Amino acid sequence: MITNFGSMPATGSEEEKRLYFARRGLLVFFAMLIPLSILGYVLALKYPIFVLFLMWTPGLSSIFTRLLLHEGTADISLRVGGRRTLKAVPFILLFPVAIGLVAYGIAWITGLVQYVTPDTFLKAPAIVIFVGLLLMQMVVGTIIGLIGSVGEELGWRGYMLTRLIDARVPYPMVISGIIWGLWHLPLMIAGNYYSGPYLALSIFLFMISVTSFGYIIGRLRLTTGSIWPAFLLHASWNAIIQEVFDSASKGKNVLLWTGESGILVALALLAAAWFISRRPMSMRRL
């Protein structure tokens, strides 16, 4: 689909030129991403400290591609985005909380997963500890999480998504989510990331979760015209879901029902993506 680009049209419409440059950019981006990701996985699986480098491989690939092709940085959309971005901040912070309360809440109430109070230095009622940890991760955890999420989102939504759109790839937000999910699979197969009791089922559910979440992040990036909501929502998700809800969940089947490869999380994210997709979309690229 993206390997036979031909030559750049000497004459032609702006649309034809945009198509050519997008396809060329995707080719170079993936040519950079694949070897960098392989190196990142080799290092991260042996030395966990290199996980941050792995998270930055999409961003580094996009930076190297921009430099090589002299594309500039304007279309990253690093500007804040004005009122649309500010209006998205409550959604960015509360969306992971909503998914967590629905998916994990059902698991805890039904006994499918055991709720445990996260370990902290505080001595307080369980609900106080949980809410306090949740509020801390919503703010401090999200800010710290930007260290990794910026690296991923510079590549996924700051480069690849817009090139998929310009290359006329069908359903670009869904395709970008699928690629994002596939990129994570080596860690799952190695048993280092949300690998439940049934690996094939975990992979299937994880792909649903990540594709759905990727659609939501992509839509937020395009409707605000800024990459910052993508940075923040990715960081907020990691901080709230992984550091709060995952930490409060234990049991034999915890990875079957909860986590990014869990049945309930996958269903909640799929439902959220479907609901959001039904709303009108006004796209702002830059």
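Reader: Which elements cover the buried residues of H9?

Author: The cover over the buried residues of H9 includes H3, H6, H7 and helix H8 (254-257). Note that this is a predicted model. The buried residues of H9 are Leu264, Val265, Ala266, Ala268, Leu269, Ala272, Ala273 and Ile276. H9 has 15 residues, and from its first C-alpha to its last it reaches 21 Å, close to the 21 Å expected at 1.5 Å a residue.

Reader: How is the packing of H6 and H9 described?

Author: Two packed helices are described by the angle between their axes and the distance between the axes. Here, helix H6 (residues 199-224) and helix H9 (residues 263-277) pack at about 30°, and their axes are 8 Å apart. Their crossing is left-handed. On the H6 side, residues making the contact include Leu205, Ile208, Phe213, Ile216 and Arg219; on the H9 side they include Ile263, Val265, Leu269, Ala273 and Ile276. By class, this contact of H6 with H9 has 13 nonpolar, three polar and one charged residues.

Reader: Which residues touch the most other members of the largest nonpolar core?

Author: In soluble globular proteins, nonpolar side chains tend to be buried together. In this model the largest nonpolar core has 71 residues, and those touching the most other members are Phe95, Leu134, Phe213, Ile216, Leu233, Trp237 and Phe245. Elements giving two or more residues to this core include helix H1 (14-46), helix H4 (126-166), H6 and H9. H4 supplies the largest share, twelve residues. Leaving aside residues up to four places away in sequence, Leucine 134 touches Val97, Ile240, Val244 and Phe245.

Reader: How many residues of H7 are buried?

Author: The count is 14 of the 18 residues, so H7 is largely enclosed by the rest of the structure. As for length, the 18 residues of H7 should span 26 Å at 1.5 Å a residue, and its end C-alpha atoms are 24 Å apart, which agrees.

Reader: What is the phi of histidine 70, and where does this residue lie?

Author: Most residues other than glycine have a negative phi, and most peptide bonds are trans. For histidine 70, phi is near 55°, a positive value in a residue other than glycine. Histidine 70 lies in the loop between H2 and H3. Its relative accessibility is 72%, so histidine 70 counts as exposed, the cut-off being over 50%.

Reader: Is tyrosine 171 buried or exposed?

Author: Tyrosine 171 counts as exposed because its relative accessibility is 65%. Tyrosine 171 is found in the loop between H4 and H5. Although tyrosine 171 is not a glycine, its phi is positive, about 50°.

Terms used. Residues are numbered from 1 along each chain as its sequence is written. This is a predicted model: local features need pLDDT of at least 70, side-chain atom pairs count only at pLDDT 80 or more; totals for chains, interfaces and linings use all residues. Side-chain values use heavy atoms; hydrogens and water are left out. Axes are lines fitted to C-alpha atoms, for helices over the stretch in contact, and angles run from 0 to 180 degrees between N-to-C directions. Helices (H or I, at least four residues) and strands (E, at least two) are DSSP runs, numbered from the N terminus. A crossing is left-handed if the near helix is turned anticlockwise from the far one by less than a right angle, and right-handed if clockwise. Contact means heavy atoms within 4.5 Å. Ala, Val, Leu, Ile, Met, Phe, Trp, Tyr, Cys and Pro count as nonpolar, Asp, Glu, Lys and Arg as charged, and the others, Gly among them, as polar. A nonpolar core is a set of buried Ala, Val, Leu, Ile, Met, Phe, Trp, Tyr and Cys residues joined through side-chain atoms within 4.5 Å. Buried means under 20% relative accessible area, exposed over 50%, partly exposed in between (1.4 Å probe, protein chains only). The expected span of a helix is 1.5 Å times one less than its number of residues.
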